[in-house]
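Colleague: I am new to this structure and would be grateful for a close look at a single part of it. Please take one chain and describe it from its overall make-up down to its particular residues.

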Amino acid sequence: MNDAAPPARLIVGQETRPYLPPYLKLRHDAGRGRWVLLAPERILTPDQTAVAVLKLCDGKRIVEEIVEALAKEYSAPAEVIRTDVLDLLQGLADKGFIKG
Amino acid sequence: MSATELNGNGHCQSVSVDDEPTAGVVGTTGATAALCALAPVGLLAELTHRCPLQCAYCSNPLELERVNKELSTETWVSVMRQAGEMGILQVHLSGGEPTARKDLEDIVTAASAAGLYTNLITAAVTLNRGRLEDLVKRGLDHVQISFQDVDAENAERIGAYPGATAKKLDVARWVTELGLPLTVNAPIHRQNIHNVGRYIELAIKLGAQRLEVAHVQYYGWAYLNRAALIPTYDQTLQSIEFVERERERLKGVLTIDMVVPDYYAKRPKPCMGGWGKGFMNITPAGKVLPCHAAETIPGLHFDNVQDRTLLDIWLNSGAFNAFRGTEWMKEPCRSCAFKEIDFGGCRCQAMAITADARNTDPACALSPYHGEMVALARSEAAKPPTPFVYRNPRNSPAAKPEQRPLVPAE
């Protein structure tokens, strides 16, 4: 239906370098003691795990490095964290909230 | 304003701006913080009713505010500061055409300084690149541009503004070039509903982050022009199904939000996410409304930001408390299992159709007026469209819709 190749869906894998597009703002919500991710006409309320992941999505680290960092920080098995991180990032990418 | 969505594994819940009340991003302490927890998340600031376009479905009230009644720069700056302090997260700068205000720059600066996610909702026919760049430097976060149709000729007939399309396309390109997210707003009705697919192509071509397929809601000017605008049941259903398929296909490429016309619905929309629950609207003259059409409900008193603080109005204004919660409800809402989900639908639509704002929204299949309303919509859609009563100050005083309420079913 489109003449030009449309932008493709990002499939998040272990080698992806995820980053938050500049129009998303991850801010601490002081009054409620939680974090919010402000997006065009959307407000997301990421939980602690999601915030920990999002803070590491700097466009430099690949997913596997994020997994390693979290595994170390939380002393948890990397396999468990990897599944969680990939699920989370794919979900966010499908909504346009994560680029890579 | 937008759909509620859940993300895959539940780590990150996306709520609509008018859903769950949330607290402030600007540091607050003690008692203020507690109040902040009740504050709305979204603020619609209608900076002016002046507009170069004359769309017959405009959401502004029929009685347009005059320029000499508009709030001063200082008042808008104060409103933005108060909004940040009380815990509002997003501000939508709208109108009319917000760029008609020469002090938009100062208002954007104030909104940004207050920590608000700042959204400009514009027709984009009078905005030049230099001004847009300046607004971005001052902290503008997002731009929404309306396209009256994808066919330039039809678009310019609908908006009554020759040459509009080329200007809008220019501004849309600048927005993405400047690294800002772009929303394409597509107001859908019987005179452009055949082009929903091409709107999607346009949004992708422009690099938009989001497309709003906004079926016209029948209030104000759109209520007056309903017979010119309302599509048939089949057209409506087909377009909804089409968008749902496209949304799946374009996952991760384009976010598509859809506002559906509720005349053909079975359940009412949770209007504003509940009256006085997560959203407030300020008119060009400073009146604070629970929704942009609230002035159509007689007997409500609206406080003004020139007289009281925004937080005081939010918490204590009679208009905000009139339909807050569920205590005001009559049957069938009062005993309905969905009363905390849809809040009985829209008060303004109940008023317009049934002459009582406390009635169930007639969009609800449980309303005794529902059958009548659907029949009315179907019969209007089956006839050729009536000519537009264009939205402009000249038509404003004369434009009085027939306020004959429908007769409920036995």
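How many helices and strands does chain B have? Please explain also how the order of its open sheet of nine strands runs, and which strands stand at the edges.

Modeller: The description that follows concerns a predicted model. Chain B contains 15 helices and eleven strands. Of its 410 residues, 56% are buried. Where contacts in this chain have a separation of 6 or more, 72% of them are between residues 24 or more positions apart.

The strands may be taken next. Nine strands of chain B form an open sheet with mixed pairing, and their order is β9-β8-β7-β6-β5-β4-β3-β10-β11.

Strand β8 of chain B, residues 210-215, runs parallel to β9(B), and five bridges join the two. Within this pair, B:R210 is placed opposite B:T255 of β9(B). A helix also packs on the sheet here: α10 (residues 233-249) of chain B touches β7 (182-188), β8 and β9 of the chain, and its direction makes about 160° with that of β9(B).

Another helix of this chain, α6 (residues 164-177), holds B:R173. Although B:R173 and B:G207 are 34 residues apart along the chain, their C-alpha atoms are separated by 8.2 Å.

The loops of chain B deserve attention for their backbone geometry. Most residues other than glycine have a negative phi, and most peptide bonds are trans. Two peptide bonds depart from that pattern. The bond from B:G95 to B:G96 is cis, with omega near 10°, and B:G96 belongs to the loop between β4 (90-94) and α3 (104-113) of chain B. The bond from B:E331 to B:P332 is likewise cis, with omega near 5°; B:P332 sits in the loop between α12 (318-322) and α13 (339-342) of chain B.

Positive phi values occur in loop residues as well. B:M272, which is not a glycine, has a phi of about 55°. This methionine lies in the loop between β9 and β10 (279-282) of chain B, and it counts as buried because 29 C-beta neighbours are inside 10 Å. B:F343, also a residue other than glycine, has a positive phi near 55°. The loop that contains B:F343 is the one between α13 and α14 (347-354) of chain B. With 25 other C-beta atoms within 10 Å, B:F343 is therefore buried.

Notes
Residues are numbered from 1 along each chain as its sequence is written. Chains are lettered from A and ligands numbered from 1 in the order in which they are written. This is a predicted model: local features need pLDDT of at least 70, side-chain atom pairs count only at pLDDT 80 or more; totals for chains, interfaces and linings use all residues. Helices (H or I, at least four residues) and strands (E, at least two) are DSSP runs, numbered from the N terminus. A residue is buried if 20 or more other C-beta atoms lie within 10 Å of its own, exposed if 12 or fewer, and partly exposed in between; C-beta atoms are placed from the backbone. Two residues are in contact if their C-beta atoms, placed from the backbone, lie within 7 Å. Two strands pair if DSSP finds at least two bridges between them. Axes are lines fitted to C-alpha atoms, for helices over the stretch in contact, and angles run from 0 to 180 degrees between N-to-C directions.
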